[in-house]
Amino acid sequence: MASLRAMGLEFAHPIGVAAGLDRDGSRLAELAAAGFAFVEVGTVNATCGADATTLLPPIISNIAGPRPSSAPGPCGMVVGVSLGSRRDVLDAGAVADILAGARACAPHADFLVVNLSRPGSASRAEAAEAKALRVLLEQVRSEVDAASVARVRRVPLLVKVAMTPGAAPLPAAAELAVVQGYDGVVAAFEHWPSVDAVCRRLTVLRGELGALSLVAVGGVHTADTANRYLEAGAALVEVYSAIAAAGPGIAGALVPGGAACESP
């Protein structure tokens, strides 16, 4: 499979690793050698609990260096960081958590994801207060734009949202991401009834998101499922459970058409 561009970045192929598997970036070389094209490191919460002192410094150290190549070719692995908060209310404290993570990671990450899909979080609910969401996403966008100026390169910014069967096709946070000039949406499909149902929702999302890149995560255990997600409109597909169950070596079985890489 040839390399591709999404959210302004070059990827060896469309299959990567979802947040949660490599929390601190210590497995980048291992996951690249296995054949994954990108990794979403974290989720990190920068100001609440132990993350500020025990997780964030290793992440910065691990993602600041040269990128390992994604086997079997010379394409460098793309490394993103998922930013979140453990708070159950989308308040000023949660905003501060995510902004601190963005400020620390934007100088080093290839892309950033505002993670609003944590189970139990008020920000995950469809009824999450619209003003709070708007303020959060505006402030993170401004923070990352400032980092982009300093790096002389735009740092792509995405929002991760939980997709709920039967709910509105475009969650409020994804709609705001379109309005506020974000670069993509990570759509998380947990416990959906079928691959067909996910693909139908992906097709609708693709039509609603315009130029934004669509990243799908959830329920991918075979190359066939990954390929169906891509055909339905996803630009990239993230994997978690299949790696947790079978190890990183499953990468070769997940890349539609087999892993191939072209130089950027």
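Leu112 touches Val81, Leu83, Ala102, Cys105, Ala106, Val144, Val155, Pro156, Leu157 and Leu158, leaving out residues up to four places away in sequence; contact here means heavy atoms within 4.5 Å. Keep in mind that this is a predicted model, where local features need pLDDT of at least 70, side-chain atom pairs count only at pLDDT 80 or more, and totals for chains, interfaces and linings use all residues. Residues are numbered from 1 along each chain as its sequence is written, and side-chain values use heavy atoms, with hydrogens and water left out.

Leu112 belongs to the largest nonpolar core, which has 76 residues. A nonpolar core is a set of buried Ala, Val, Leu, Ile, Met, Phe, Trp, Tyr and Cys residues joined through side-chain atoms within 4.5 Å. Buried is under 20% relative accessible area, exposed is over 50%, and partly exposed is in between (1.4 Å probe, protein chains only). Along with Leu112, the members touching the most others are Phe36, Val81, Val114, Val140, Val159 and Tyr182. A second, separate core of 17 residues takes in Ala6, Ala12, Val113 and Val217, among others.

Zooming out, the protein chain has nine helices and ten strands. Those are DSSP runs numbered from the N terminus, with helices (H or I) of at least four residues and strands (E) of at least two. Buried residues make up 53% of the 264 in the chain. Of the contacts with a separation of 6 or more, 70% come from residues 24 or more positions apart.

The expected span in the table is 1.5 Å times one less than the number of residues.

| Helix | Residues | Length | Span, first to last C-alpha | Expected span |
|---|---|---|---|---|
| H3 | 92-105 | 14 residues | 20 Å | 20 Å |
| H6 | 195-208 | 14 residues | 20 Å | 20 Å |

How much of H3 is buried? Ten of its 14 residues are, so the helix is largely enclosed by the rest of the structure. Ala102 and Cys105, both touched by Leu112, are among those buried residues.

In H6, the buried residues are Ala197, Val198, Cys199, Arg201, Leu202 and Leu205. Their cover includes strands E7 (157-163), E8 (184-189) and E9 (213-217), plus helix H7 (223-232). After H6 comes Gly210, with a positive phi near 60°.

Now for the rings. The whole structure holds two aromatic pairs. Rings of Phe, Tyr and Trp (its six-membered ring) pair if their centres lie within 6.5 Å, with planes under 30 degrees apart called stacked, over 60 edge-to-face and the rest tilted. Phe11 and Phe38 have ring centres 5.3 Å apart and planes at 85°, so they are edge-to-face. This pair links distant parts of the chain, with Phe11 in strand E2 (residues 9-11) and Phe38 in strand E4 (residues 38-44), 27 residues apart. Both Phe11 and Phe38 are buried. Phe189 and Trp192, with centres 5.0 Å apart and planes at 75°, are edge-to-face too.

Most residues other than glycine have a negative phi, and most peptide bonds are trans. In contrast, the bond from Gly42 to Thr43 is cis, with omega near 15°, and Thr43 lies in strand E4. Met7 has a positive phi near 45°; at 10% relative accessibility, this residue counts as buried. His191 also has a positive phi, of about 60°, and is placed in the loop between E8 and H6. Buried or exposed, then, for His191? At 78% relative accessibility, His191 is exposed.
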